[in-house]
Amino acid sequence: MTFNDDSQLKGGKVTRRGRGAAIGGGAVGVTAIVVFLIAQFTGVDLSGFVGGGDGTTQIQQQGETVDVAPECRTGRDANLKVECRMEGAAESLDGYWTSESRQLGISYTSPEFVLFDGSTSTSCGQASAATGPFYCPPDRAIYLDTAFYDDLQSKYGSSGGPLAQMYVVAHEWGHHIQQLQGSFANTDRSGTGASSGSVRVELQADCYAGAWVGDAANTKDANGQTFFEPITRSEIADALSAASAVGDDSIQERSSGRVDPDSFTHGSSEQRQKWFVRGYQQGATSCDTFSIPGSSL
């Protein structure tokens with residue numbers, strides 16, 4: 001999606017850490033946890049392991065905090081710089097879910113959104129560039145190394161445009177909504193397969209991402225200016241290319257040359273695209289992936 005050049009970014013939704021920077025607050029010792037990090041970007045299951053801002057976006061490296069708010073002030077900045085794009089997406093997502101959460105009957109609070117370079121410590125264990133983007137339930141935080149976006153295009157085969165990048169964020173934000181609903185923690189994600197609990201969780205997050213995209217052109221900044229220009233078909237195709245690229249079948253085909261549906265944890269390319277489109281067309285209240293038979297996924 002393209003930001004309106006004149007839309008205003010408040011800042012305060014995204015922070016950045018340098019290599020090896022540790023999260024504030026006590027992380028649980030590694031001897032007490034089992035770290036299961038999947039080298040994919042969506043829906044890493046970390047729940048079994050072990051906020052807001054002052055109007056500025058900050059970069060933190062080796063304990064040093066640098067204010068970069070002047071660099072991320074407008075939609076024009078978001079169109080030019082990936083970090084500013086993440087800030088703009090976060091502000092739009094926050095606005096959307098503040099309103100939409102009422103339809104889902106949940107009390108909404110914002111997740112933390114942390115960009116990191118190389119590696120960083122979390123309550124779910126040590127994250128690295130190979131981990132890919134993920135949501136960490138104990139921190140209620142999204143972690144993302146923006147270098148992944150190069151991999152999304154070069155290794156996963158996505159078109160890699162702005163909406164493909166923001167789809168990644170919106171999917172992880174969807175896991176935060178699931179955490180607030182209780183479904184993220186209460187669903188058994190230990191099994192695998194095309195209709196497993198883990199796949200249902202991931203497909204719902206895809207649906208939630210699509211729901212945001214469907215309404216994103218209506219989300220507004222503090223001055224009432226819409227964040228985005230109207231979404232085009234090519235931009236939707238951009239998001240769908242990302243959803244397809246990270247389907248279990250696509251990843252398995254690229255890595256081993258064979259597809260094993262019994263080992264699926266995130267859903268096929270077709271499923272991921274289907275549920276993204278469902279959310280895009282019908283909204284977040286249409287995203288119940290838990291009560292339907294597996295054949296309908």
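Figure 1. Arginine 16 is buried, its relative accessible area being 11% (buried: under 20% relative accessible area; exposed: over 50%; partly exposed: in between; 1.4 Å probe, protein chains only). The model is predicted: local features need pLDDT of at least 70, side-chain atom pairs count only at pLDDT 80 or more, and totals for chains, interfaces and linings use all residues. Residues are numbered from 1 along each chain as its sequence is written, and side-chain values use heavy atoms, with hydrogens and water left out. Glutamate 83 is partly exposed, at 27%. The structure holds four salt bridges.

**Figure 2. Aspartate 77, a buried residue without a salt bridge**. Aspartate 77 belongs to helix α1, residues 75-80 (helices are DSSP runs of H or I, at least four residues, and strands are runs of E, at least two, numbered from the N terminus). The nearest side chain of opposite charge, lysine 81, is 5.1 Å away (Lys and Arg count as positive, Asp and Glu as negative; His and the chain ends are not counted). Neighbours within four places in sequence aside, aspartate 77 contacts Glu71, Cys72 and Cys84 (contact: heavy atoms within 4.5 Å).

**Figure 3. The largest nonpolar core**. This core has 59 residues (a nonpolar core is a set of buried Ala, Val, Leu, Ile, Met, Phe, Trp, Tyr and Cys residues joined through side-chain atoms within 4.5 Å). Trp97, Phe113, Met166, Tyr167, Trp173 and Trp212 touch the most other members. Elements that each supply at least two residues of this core include α2 (82-104), α4 (162-181) and α6 (197-216).

**Figure 4. The aromatic cluster of Phe3, Trp212 and Phe228**. Tryptophan 212 and phenylalanine 228 form an edge-to-face pair, 6.1 Å centre to centre with 75 degrees between the planes (rings of Phe, Tyr and Trp, the last by its six-membered ring, pair if their centres lie within 6.5 Å; planes under 30 degrees apart are stacked, over 60 edge-to-face, the rest tilted). Tryptophan 212 is buried at 0%, and phenylalanine 228 is buried at 1%.
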